[in-house]
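The report that follows walks through selected parts of a structure, taking the ligand surroundings and then the strands in turn. Please keep the sequence and the model open while reading.

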Amino acid sequence: MLKIGHYVDRPGKELGSAQITIPVPEDLETVPGIPQRPSEVDWYSKEYPLESHNVENRAYRQWVDTVTDIRGLRMEHEKLNRESVIAARASGDLEPTARPVEGMDVTLQIKNKARSLGFGEVGITEMNMRYVFAAKKDWVKAELPHAVCVIMEQDYEDTQSAPSGPAESAALDCYRREGAAAVELADFIRGLGYRAQIHSPNDASCAAIPMMVAAGLGQLGANGQLLSPYFGSRARIMMITTDAVVTHDEPIDYGIHAWCQICQVCVNRCPGRALMKDKVWWRGVEKNKLVAKRCRPVMGRYAACGICQKVCPIQKYGMKAVFEHYAATEEVLGKGTDDLEGYTIPGQGYFGPGQLPHFDAEFFDIPQGRLEEYVMERLKEKIKNGTDEEPEQLAQSFGRQMVRAVGRPADFMEELYFNPEADGALPSRSYFQDEPEFEEDL
Ligand code: SF4
Ligand code: SF4
């Protein structure tokens with residue numbers, strides 16, 4: 001039996017249910033939250049501000065529509081989700097609907113309301129502007145300094161079938177449920193006399209995991225996802241920022257930072273070999289860095305993949321059961337079993353523990369970067385590889401494609417949800433399908 005270093009108490013999974021106590025073995029103890037060098041985090045945020053995936057990888061976002069096996073599902077989601085994304089975008093400009101009780105701390109009211117709306121975890125911390133995306137800097141209200149961090153549970157059963165339509169459906173359904181609940185929670189905060197800005201997970205304004213960790217809701221896993229006590233990587237996260245009088249929570253050492261180096265299941269099972277075994281210092285934080293260009297080609301083609309989420313024992317069994325098992329046996333619960341590690345990739349077959357699919361180099365060669373960067377890359381490739389086109393012809397088609405690329409909104413979500421020309425209807429999602437020259441280029 002391993003020596004327990006400390007215990008973590010967490011509120012019950014549902015509002016009113018009994019709290020749980022998670023044992024953290026001594027050999028898993030590191031620091032609360034995540035090891036970081038604040039001056040480096042600060043420097044990177046100024047010199048190389050983070051940018052949204054929807055901006056930085058717009059070419060990929062467009063390409064996905066031409067290959068994904070779940071396009072219909074995603075289009076349905078965007079239709080159903082539109083209202084709450086638009087409500088979130090406008091939320092920061094709404095005024096409070098009551099006068100606040102002066103000096104009264106409303107932490108408990110906000111937390112209880114969040115739990116009653118179905119959020120499984122709620123914590124409060126500082127809104128850290130260092131993690132805001134460059135494209136959203138003007139949108140985020142810096143005068144709302146507190147981040148109410150909330151987690152909603154993605155359906156357990158369907159998640160276990162990842163990668164699949166039902167597993168992705170479970171994720172999208174969870175986004176819609178939490179988007180709608182957040183509108184109610186923000187209304188509630190305004191009713192307490194304060195402002196509230198909703199940061200929709202479908203129109204992301206920032207990297208939210210650092211705030212979740214700071215609010216004590218979990219720690220970062222080797223799969224790049226927040227591992228929360230009850231739901232592990234099945235936690236769908238979002239935030240509401242506010243100027244309400246609240247008390248901040250503290251980051252917690254759940255033992256996850258050291259634990260992932262022992263577990264390594266997601267690292268071993270990732271079909272794209274996108275997850276790194278060792279930790280590195282990245283933008284001032286020590287973590288297992290995901291290699292996105294190895295992940296996206298898999299995600300794009302196979303129902304948004306999610307294998308690293310599905311095979312995580314913390315997701316499947318919960319943190320308490322996993323650490324109790326580890327303390328008693330020094331083993332990783334479920335590791336090496338088909339139940340935890342097995343998965344079926346549509347069209348590729350079943351892969352049990354120790355088995356991985358093979359993808360060749362071409363599989364990973366997909367559109368990357370902003371649209372204009374992609375156009376430039378294609379031109380360079382054509383020139384390098386030799387082309388039958390005359391230089392004038394080449395220049396003309398390049399110019400046309402560049403004008404189209406730069407003429408579109410930089411943010412993919414902008415076009416998807418906020419296109420005034422669409423007049424309430426969803427715009428066509430596929431840039432490549434709208435633009436035959438791009439399609440040819442693919
Ligand atoms: S989503 Fe799939 S490809 Fe991407 S990191 Fe996870 S397991 Fe690997
Ligand atoms: S599968 Fe294991 S290593 Fe990967 S995130 Fe989950 S606990 Fe960490």
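## The shell around ligand 1

In this predicted model, the residues of the shell around ligand 1 divide by class into 11 nonpolar and 2 polar, with no charged residue among them. The shell counts 13 residues, of which C270, G272, C295, C305 and C308 are the closest to ligand 1.

Two helices, helix 11 (292-301) and helix 12 (307-310), each supply at least two residues of this shell, and the largest share, 3 residues, comes from helix 11.

## The shell around ligand 2

Around ligand 2 there are 14 residues, and the closest of them are G221, C260, C263, C266 and C312. Sorted by class, this shell holds 11 nonpolar and 3 polar residues, and no charged ones.

Helix 9, helix 10 and helix 13 each supply at least two residues of the shell around ligand 2, with helix 9 giving the most, namely 3 residues.

## Helix 9 and its packing

Which residues of helix 9 are buried? Within this helix, which covers residues 256-263, the buried positions are I256, H257, W259, C260 and C263. Seen down the axis of helix 9, these buried residues fall within an arc of 160°, and they therefore line one face of the helix.

Just after helix 9, the backbone at Q264 takes a positive phi of about 65°.

Elsewhere in the model, an open sheet of 4 strands runs in the order 3-4-8-5, and its pairing is antiparallel. Strand 3 (121-126) and strand 5 (196-199) stand at the edges with a single partner strand each, so one side of each is left without a neighbour in the sheet. On average, and with direction ignored, neighbouring strands of this sheet are turned by 25° against each other.

Helix 5 (residues 107-116) packs on the sheet, where it touches strand 3 and strand 4 (146-153), and the direction of helix 5 makes about 140° with that of strand 3.

## Strand 8 and its partners

Strand 8 (residues 235-242) pairs with strand 5 in the antiparallel sense over 4 bridges, while the antiparallel pairing of strand 4 with strand 8 extends over 8 bridges.

How many of the residues of strand 8 are buried? Strand 8 is mostly covered, with 8 of its 8 residues buried. A235, I237, M239 and T241 point one way from strand 8, whereas R236, M238, I240 and T242 point the other way, and all of these residues are buried.

Key:
Residues are numbered from 1 along each chain as its sequence is written. Chains are lettered from A and ligands numbered from 1 in the order in which they are written. This is a predicted model: local features need pLDDT of at least 70, side-chain atom pairs count only at pLDDT 80 or more; totals for chains, interfaces and linings use all residues. A residue is buried if 20 or more other C-beta atoms lie within 10 Å of its own, exposed if 12 or fewer, and partly exposed in between; C-beta atoms are placed from the backbone. The arc is that of the directions from the helix axis to the C-beta atoms. A residue is near a molecule or strand if its C-beta atom, placed from the backbone, lies within 6 Å of it. Ala, Val, Leu, Ile, Met, Phe, Trp, Tyr, Cys and Pro count as nonpolar, Asp, Glu, Lys and Arg as charged, and the others, Gly among them, as polar. Two strands pair if DSSP finds at least two bridges between them. Axes are lines fitted to C-alpha atoms, for helices over the stretch in contact, and angles run from 0 to 180 degrees between N-to-C directions. Two residues are in contact if their C-beta atoms, placed from the backbone, lie within 7 Å.
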